[in-house]
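I am keeping these notes as I look through a structure that is new to me. I write down what I looked up and what I found.

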Amino acid sequence: MSDAPLAPVPGLARRVLHQPGAVLGGGLFAVIVLAVLIGPLLWPIAPEFIDVAARNQGPNLAHPFGTDQLGRDTFARVLWGGRISLAVGLSAMAVALLLGTLVGLLAGVFRWLDGPLMRLTDVFLALPLLPLLLVMVLLFRDSLSGVFGPEGGIFILIVLAIGGTSWMNTARIVRGDTLALREREFVLAARAAGCRPVALMLRHILPNVLSPILVSGALGLSTAIVTESALSFLGLGFPPDFPTWGRLLSDAVIYLADYPARAICPGLAISLTVLSVTYLGDGLRDAMDPRLH
Amino acid sequence: MRYPGFVLAAVLTSVMGLPAQAERGAQGQVNIIYWQAPSILNPYLSGGTKDLEAASLILEPLARYDETGSMVPWLAERIPTVENGDVSEDLTSIIWTLQEGLSWSDGTPVTAQDVKFTWDYCTAPGGGCAQAEKYSGIEAIDILDPRRVKLHFDGPMPFPYSAFIGAQSPILQKAQFADCLGPRAPECTAQNFAPVGTGPFVVEEFRPNDVITYTANPEYRDPAKPAFARVLFKGGGDATSAARAVLETGEFDYAWNLQLAPDVLSNMESAGRGRVVSAFGTLVERIVINLTDPARGLGPARSTRAHPHPFLSDAAVRQALSLAIDRALLVELGYGTAGRVTCNVLPAPAIYASDANDACKRQDIPRAKALLDMAGWIDSNGDGVRDKDGVALSLLFQTSTNAVRQDFQALIKQWWSQIGVETELRNIDASVFFGSDPGSPDTFQKFYADVQMYARNFDGTDPAAYLANWQCDKTPTPENQWQGSNISRYCSEAYDALIAQMQQTADISARAAIARAMNDRLMQEFILLPLVDRGRVAAHANSLGGVRLNVWDSELWNIADWHRKDL
């Protein structure tokens with residue numbers, strides 16, 4: 001069983017490049033990542049700089065996205081906020097995918113684990129998310145920020161909190177697909193050939209459930225970005241002057257009628273990120289799906 | 001005596017203009033919108049402002065506060081004082097005298113029996129009276145004659161004006177409520193939904209949580225008032241739509257409690273149909289300074305007086321923090337017409353307002369820097385933050401989650417960074433922050449931060465209890481489950497002596513002098529930094545005259561004088 005069913009990497013890259021959606025999505029995502037990584041270094045205005053004389057401006061040359069009610073530059077804030085939102089979103093998504101895939105695979109492959117793990121999933125689904133997050137934040141914020149500093153501690157806490165409470169859908173999808181795959185001939189054949197359960201999971205089942213995992217990951221990214229803003233709004237996320245996309249969006253809602261640009265800019269950033277990741281995920285899935293070749 | 005012709009002409013026109021104005025109910029209907037709907041018209045069974053104010057058209061107290069916060073006799077003939085002999089020398093009793101010829105809207109006379117009954121009603125066991133606090137300290141009420149009652153207190157009462165004063169404790173009719181005492185009070189639906197009163201209007205129809213229609217009281221004591229025959233009092237909706245209904249569409253004549261963003265209100269006002277009016281009470285948005293050390297490592301001794309704050313116990317630092325704030329800009333950005341700059345924690349009523357601290361109205365960054373330099377706080381390591389003996393001026397600044405407060409935090413952080421003070425911001429959900437839960441680390445009483453911002457006011461017009469908040473004994477500590485009002489953990493013998501002196505002084509002007517001295521002491525030691533005096537905001541149609549917005553009593557306190565103006 002040494003040759004994995006996964007195609008060698010050059011082949012995968014070639015197949016991905018043949019997916020126009022994946023190319024478009026990947027390109028857009030790369031642009032967004034580059035912009036938030038390099039942008040703040042190039043843009044001269046600091047995100048927290050207040051210039052009261054220039055408040056409530058629409059988009060113009062000095063402020064391409066306009067300014068907010070205190071005269072802070074929205075463009076600088078969107079760039080800065082992207083760093084945090086993307087970092088939180090991607091890390092939380094990774095945590096959720098890891099947990100969800102693990103639980104789903106274990107439940108699908110091992111019959112005796114199915115019951116307990118799925119009931120656990122039900123329990124997590126039934127728990128009201130925000131109160132749970134609030135309790136986690138309250139319990140662990142001080143000890144974590146003592147070790148990692150205020151911002152680092154909050155970052156770890158938020159990533160773990162969001163990741164740890166949004167893996168359930170992935171787990172259910174993965175379990176369902178695993179159950180269906182388990183009865184398929186190639187799995188039976190592998191099992192008959194003496195393949196151990198762990199190898200069975202990793203080599204035969206995982207590549208075949210990758211597509212739903214990637215799709216739920218793309219959706220999870222947007223949820224993570226928005227959940228972070230809900231936490232900040234309740235005062236349990238990052239400090240209030242820390243721009244994140246979610247916070248920019250929720251701050252702008254009360255000005256929606258008078259200054260729509262202020263909500264549209266971070267909203268568009270979130271939408272484009274999610275859209276590009278979804279397309280990328282879609283393309284990756286098609287490129288990797290053994291059944292499509 | 002000779003009068004110039006134009007004076008005579010003016011007098012003549014006003015006299016000729018009067019008959020049309022001075023007839024009860026001649027001006028049709030006035031429409032009022034409260035975006036919270038009244039659910040009951042008995043103020044003794046509800047603490048809600050909406051219910052109190054809806055009832056204030058019908059039920060009236062013996063005396064009430066006008067828009068300046070001074071007491072005016074209402075159903076009473078005069079305000080009792082020690083000078084006119086109505087308050088006893090030992091401050092243990094007070095005599096109220098009803099006006100002559102008062103009658104209820106059903107035509108029966110108002111008597112001292114009704115006044116005494118009102119006290120019986122609110123203090124009856126099992127009644128759950130919402131205003132019981134107003135009657136605390138009253139031992140007995142004697143009826144001296146049909147128009148006079150004497151209240152006996154259980155001890156000297158330097159400020160005896162609480163019972164039967166203001167919209168919260170009006171007089172009920174004994175004949176109507178006699179069977180509604182104690183546990184039966186909430187069951188008397190007919191009475192609670194349509195009380196018989198002495199006010200300018202009577203209930204025609206009351207639909208709880210929706211709409212009330214009133215008609216003019218035929219028995220009202222001034223035969224020329226009210227000018228309106230009917231009042232339509234609509235409840236429900238939200239502040240934005242209520243403001244729009246008065247200022248933009250003109251469907252309503254008066255809207256209450258419009259705490260909206262300043263530019264939202266001014267955009268609506270520019271439609272030209274109505275005006276936004278505001279009035280200022282005692283609600284002060286302030287920054288409270290922690291005089292004790294909130295360092296995490298101190299464990300249970302965190303934010304207790306066992307450990308003074310490493311740098312905020314230095315008055316020069318506190319003063320520099322105050323000087324760096326541009327309060328006028330905060331008002332302009334956060335509250336507009338609904339706020340004004342204040343340098344006092346006790347900004348009103350007028351007689352209590354000190355003018356000794358007005359220097360804070362101007363931002364003075366150079367002076368703040370000079371103060372810190374003189375006190376030895378300099379940036380010795382070049383990181384932009386001042387320090388002394390290894391202690392850096394680095395603050396944690398917390399407040400509740402609220403769009404205006406987060407804007408204030410960002411602005412103040414920038415100003416403090418200009419004088420070399422580093423600020424970390426934190427916002428906490430309001431229900432946690434103000435929740436007083438001793439198990440939560442994030443309450444404003446625990447104050448696990450260096451400075452925090454919130455607003456506080458006091459009920460009524462007498463500031464004695466409010467100023468006693470900074471008494472040394474009232475500090476929140478782990479021993480008292482963090483319950484206590486002295487959030488700054490301020491402790492001064494001289495201040496405590498002023499509190500004791502206040503408790504023994506009856507004369508209003510002497511009390512005012514003590515109150516100002518207490519306010520000045522807090523302000524000049526920079527125990528807390530007042531920012532904005534926040535007012536009540538209402539809107540009325542341009543055609544509605546006679547509105548005098550009052551923060552000390554019901555906003556509708558003078559609805560008998562409201563009238564339609566010719567535009």
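Entry 1: what kind of model. I note at the start that this is a predicted model.

Entry 2: chain A as a whole. I looked up the secondary structure of chain A and found 10 helices and 0 strands. Read along the sequence, the pattern is α-α-α-α-α-α-α-α-α-α. I then took the extent of the C-alpha trace of chain A, which spans about 75 × 45 × 35 Å along its principal axes. Of the 293 residues in chain A, 45% are buried. I also looked at how contacts in chain A bridge the sequence. Taking contacts between residues at least 6 apart in sequence, I find that 70% join residues at least 24 apart.

Entry 3: a nonpolar patch on chain A. Which residues form a nonpolar patch on the surface? I list Leu28(A), Ile264(A), Leu268(A), Leu272(A), Leu275(A) and Tyr279(A), which together have about 530 Å² of accessible area. Helix 10 of chain A, residues 261-288, gives the most to this patch, with 5 residues. I picked out Leu268(A), which is found in helix 10 of chain A. Its relative accessible area is 49%, so Leu268(A) is partly exposed.

Entry 4: where chain A meets chain B. I counted the residues in contact and found 29 in chain A and 25 in chain B. The area buried between chain A and chain B is about 2000 Å², and carbon and sulfur atoms give 51% of that area. How many salt bridges cross the interface of chain A and chain B? The rule finds 2. One of them joins Asp241(A) to Lys413(B), with the closest N and O atoms 2.5 Å apart. For polar contacts across the interface of chain A and chain B, the rule finds 4 residue pairs. On the side of chain A that touches chain B, the elements that give two or more residues are helix 5 (129-164) and helix 8 (197-233). Helix 5 of chain A gives the most to that side, with 6 residues.

Entry 5: cis peptide bonds in chain B. Most peptide bonds are trans. I wrote down two places in chain B where the bond is cis. The peptide bond from Lys225(B) to Pro226(B) is cis, with omega near -5 degrees. Pro226(B) is found in the loop between strand 8 (211-216) and strand 9 (230-235) of chain B. A cis peptide bond also joins Ala348(B) and Pro349(B), where omega is about -10 degrees. Pro349(B) sits in the loop between strand 12 (339-341) and helix 10 (365-374) of chain B.

Entry 6: positive phi in chain B. Most residues other than glycine have a negative phi. Asp389(B) has a positive value, near 50 degrees. Its place is the loop between strand 13 (387-388) and strand 14 (391-392) of chain B. Is Asp389(B) buried or exposed? With a relative accessible area of 73%, Asp389(B) is exposed. Phe526(B) is not a glycine either, and its phi is positive at about 55 degrees. I find Phe526(B) in the loop between helix 15 (508-524) and strand 18 (528-541) of chain B. Its relative accessibility is 17%, so Phe526(B) counts as buried.

Entry 7: Arg534(B) lies in strand 18 of chain B. Buried means under 20% relative accessible area, and at 17% Arg534(B) therefore counts as buried. The side chain of Arg534(B) makes a polar contact with the side chain of Glu285(B), at 2.9 Å. Leaving out residues up to four places away in sequence, Arg534(B) touches several residues, among them Phe280(B), Leu283(B), Tyr335(B) and Arg405(B). Arg456(B) lies in strand 17 of chain B, residues 451-456. With a relative accessible area of 32%, Arg456(B) is partly exposed. Beyond its neighbours within four places in sequence, Arg456(B) has contacts including Thr282(B), Leu283(B), Phe434(B) and Tyr466(B). I also looked up Val345(B), 111 residues from Arg456(B) along the chain, and the C-alpha atoms of the two are separated by 9.2 Å.

Technical notes. Residues are numbered from 1 along each chain as its sequence is written. Chains are lettered from A and ligands numbered from 1 in the order in which they are written. This is a predicted model: local features need pLDDT of at least 70, side-chain atom pairs count only at pLDDT 80 or more; totals for chains, interfaces and linings use all residues. Side-chain values use heavy atoms; hydrogens and water are left out. Patches are made of residues with over 30% relative accessible area and no salt bridge: like charges are joined within 9 Å, nonpolar side chains (Val, Leu, Ile, Met, Phe, Trp, Tyr) within 5 Å. Accessible areas come from the Shrake-Rupley method with a 1.4 Å probe; for residues, only the protein chains shown count as cover. A salt bridge is a side-chain nitrogen of Lys or Arg within 4 Å of a carboxyl oxygen of Asp or Glu. Helices (H or I, at least four residues) and strands (E, at least two) are DSSP runs, numbered from the N terminus. Buried means under 20% relative accessible area, exposed over 50%, partly exposed in between (1.4 Å probe, protein chains only). Contact means heavy atoms within 4.5 Å. Buried area is the accessible area (1.4 Å probe) that two parts lose on being put together, summed over both. A polar contact is a pair of N or O atoms within 3.5 Å; within protein, one must be able to donate a hydrogen and the other to accept it, and residues adjacent in sequence count only if both atoms are side-chain atoms.
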